[in-house]
Amino acid sequence: MIQDVTFEKTTYHGAPARFEAGTGNIADAVGLGAAIEYVEHIGIDNINRYEHQLMAYATRGLSSVPGLRLIGTAPEKAGVLSFVLKGFTSEEVGEALNREGIAVRSGHHCAQPILRRFGLETTVRPSLGLYNTCADIDVLVTTLHRIQGGGSSF
């Protein structure tokens with residue numbers, strides 16, 4: 001970006017070099033390298049298999065909640081579950097889950113066309129990954145049962 005800097009004057013390079021300021025994002029590059037090593041150590045196939053097992057477990061658990069409608073049930077989908085809970089807005093469910101320490105997204109997820117195909121404007125969306133356990137899913141399902149039953153946590 002800079003050709004020369006003195007206390008009296010700064011001389012910039014011509015375009016496009018003058019717009020390439022600063023040091024590259026070294027920390028993110030190092031972090032990405034560490035993340036790739038971590039995934040390679042565990043094995044991407046092992047991660048995929050584990051996340052698929054979590055999805056199957058979560059799908060069974062969520063299906064037990066009265067009034068819960070799963071949106072998108074393809075058997076080989078990514079670790080994302082979208083749902084609506086009868087009698088509650090997605091935002092209400094998201095807020096109630098948040099109070100229990102359960103992180104979900106609620107809203108339209110920049111996916112209005114497909115949501116409208118299902119007759120919806122918003123959903124609740126928990127995402128599952130390598131860091132989740134069946135116990136995490138059990139807490140989600142138990143909390144949704146309590147919300148649907150009008151429990152004190154709502």
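Tutor: Arg116 forms a salt bridge with Glu121, with 2.9 Å between the closest N and O atoms. The term needs a side-chain nitrogen of Lys or Arg within 4 Å of a carboxyl oxygen of Asp or Glu. This is a predicted model, so to speak of local features takes a pLDDT of at least 70, and side-chain atom pairs count only at pLDDT 80 or more, while totals for chains, interfaces and linings use all residues. Side-chain values use heavy atoms, leaving out hydrogens and water, and residues are numbered from 1 along each chain as its sequence is written.

Glu121 is partly exposed, because its relative accessible area is 43%; buried would be under 20%, exposed over 50%, and partly exposed is what lies in between (1.4 Å probe, protein chains only).

By that salt-bridge rule the count comes to 2. The other pair to look at is Glu100 with Arg146, where the closest N and O atoms are 3.2 Å apart. That pair links distant parts of the chain, 46 residues apart: Glu100 sits in the loop between helix 3 (90-99) and strand 5 (105-107), and Arg146 in helix 5 (residues 134-148). Helices (H or I, at least four residues) and strands (E, at least two) are DSSP runs, numbered from the N terminus.
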